[in-house]
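Biologist: Could you open the model for me? I would like to go through the ligands and then talk about confidence.
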Amino acid sequence: MSEYNKKALLAIAFLAGYPLTLPAADHFTAPPLTPLAEDGIHDPTNEAILTLQDPKRSMADFPKDRRGEVNWVEALNLGVIQPRKTNTGKAEDGDVMPELALDIIMNTTGEMPHVRFPHLAHTRWLACSNCHPDIFKAEDNGNPINMTKILRGEFCGRCHDKVSFSLWICERCHSVPHKNSPPAWWDTKK
Ligand code: HEC
Ligand code: HEC
Ligand code: HEC
C-alpha cells in the first residue's frame, strides 16, 4: 500500500469518526511510493487506474526520509499539504480538532536513546480519541509499552509501520540521547 493510500485511509477513518482500527501489519507490505497497479489494493485490470495519479509523480517534490518514504511531518511543516481541521475545512462545519503541545519522554530504552513522544505531531492529524483510552491510558508512564509489543502491532505499532512512518527509522522515536547511548548514528553531518 502506498504512503498516499495509507494517509488516505487514516484520513477517512478519522473523518468518518471511527476509532482507528487498522488491518494486520502484513496487509501493509508495499514499499514506499509503489505504483498503484502493484500495491495489492488497486485492481490493475480496471481502466480507472489510469485516471489516478502515480504516487511517485504526485509526491515527487515531497520531503522524504532516509528510506525514501514521504516525511509527512516535514510536509506539513513546509506547507506542502494543508490537512483540514473540520470535516469540510470550514470552521463552522464541525468540531475543530484540538492540538496539544505536550512531549512525553519514555526512558525504559536500555542503551537506545530515550523516546520523545510528541503530542503535537500527532494531534495535528489525530483526535485524542484515536489513542485515548483504547490504545494508551492518558497517564505519564501508565502503559506497559516495549519494543516487542510495538513490533507486534501494539501501542505505537498500531499506526507506525502502517499509516505512519516505519519502525526501522529508530531515531525518529529514539531521539533523546543519554549518557549510555551510542553516538548519534543518524546524524550524517558528523
Ligand atoms: C514509533 C516509535 C519507535 C520506533 C520507530 C522505534 N522504537 Fe524502540 N521503543 C519505542 C518505545 C515507545 C519504547 C518503550 C519505551 C518506554 O516504555 O520507556 C521502545 C523501547 C525500545 C527498547 C527498550 C527495550 C524494549 O524491548 O522495550 C529498545 C532496545 C528499542 N526500543 C530499540 C529500537 C530499535 C533498534 C529501533 C529501530 C529498529 C526502534 N526501537 C524503533 C518506540 C519506538
Ligand atoms: C497518537 C496517540 C495519542 C494521541 C492522538 C493523544 N495522545 Fe495523549 N498520550 C499518548 C501517549 C503515548 C501518552 C503517554 C502514555 C505513557 O507514558 O504511558 C499520552 C499521555 C497523555 C496524558 C498524560 C500526561 C501526563 O503528564 O500524565 C494526557 C493528559 C493526554 N495524553 C491527553 C491527551 C489529549 C487531551 C489529547 C488530544 C488533544 C491526546 N492526549 C492525544 C498518546 C496520544
Ligand atoms: C493512532 C496512530 C498513532 C499512534 C498510536 C502513534 N503514532 Fe506516532 N505518528 C502518527 C502519525 C499519523 C504521525 C505523523 C505522520 C507521520 O510522520 O507518519 C506520527 C508522528 C510521530 C512522530 C513525529 C516524528 C517527527 O519527525 O517529528 C513521533 C516521534 C512519533 N509519531 C512517535 C510515536 C510513539 C513513540 C508512539 C507510541 C508511544 C506513537 N508515535 C504512536 C500516528 C500514530
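Biologist: How do the residues of the shell around ligand 1 divide into nonpolar, polar and charged?
Modeller: Bearing in mind that this is a predicted model, the shell around ligand 1 divides into twelve nonpolar residues, eight polar ones and one charged.

Biologist: And which residues are the closest there?
Modeller: Of the 21 residues that surround ligand 1, the closest are Met106, Thr108, Asn146, Cys170 and Cys173. As for secondary structure, the elements that give two or more residues to this shell are helix H6 (147-151) and H7.

Biologist: OK, on to ligand 3. Which residues come nearest?
Modeller: Trp72, Ala121, Cys156, Cys159 and Ser164 come nearest, out of 24 residues around ligand 3.

Biologist: Which element gives the most to that shell?
Modeller: That is S2, with three residues, while the elements that each supply at least two are helix H3 (72-77), S2, H4, H5 and helix H7 (170-173). By class, the shell around ligand 3 has 18 nonpolar residues, four polar and two charged.

Biologist: What about ligand 2, how many residues surround it?
Modeller: There are 19 residues around ligand 2, and the closest of them are Cys128, Cys131, Ala138, Asp140 and Asn143. Helix H4 (119-123) and helix H5 (128-131) are the elements that give two or more residues to this shell, whose residues divide into nine nonpolar, eight polar and two charged.

Biologist: One more, about Leu36. Where does it lie?
Modeller: Leu36 lies in the loop between helix H1 (3-15) and helix H2 (55-58). The C-alpha atoms of Leu36 and Leu52 are separated by 8.2 Å, with the two residues 16 apart along the chain.

Biologist: Is Leu36 buried or exposed, and why?
Modeller: Leu36 is buried, because 21 other C-beta atoms lie within 10 Å, and a residue counts as buried when there are 20 or more.

How values were computed: Residues are numbered from 1 along each chain as its sequence is written. Chains are lettered from A and ligands numbered from 1 in the order in which they are written. This is a predicted model: local features need pLDDT of at least 70, side-chain atom pairs count only at pLDDT 80 or more; totals for chains, interfaces and linings use all residues. A residue is near a molecule or strand if its C-beta atom, placed from the backbone, lies within 6 Å of it. Helices (H or I, at least four residues) and strands (E, at least two) are DSSP runs, numbered from the N terminus. Ala, Val, Leu, Ile, Met, Phe, Trp, Tyr, Cys and Pro count as nonpolar, Asp, Glu, Lys and Arg as charged, and the others, Gly among them, as polar. A residue is buried if 20 or more other C-beta atoms lie within 10 Å of its own, exposed if 12 or fewer, and partly exposed in between; C-beta atoms are placed from the backbone.
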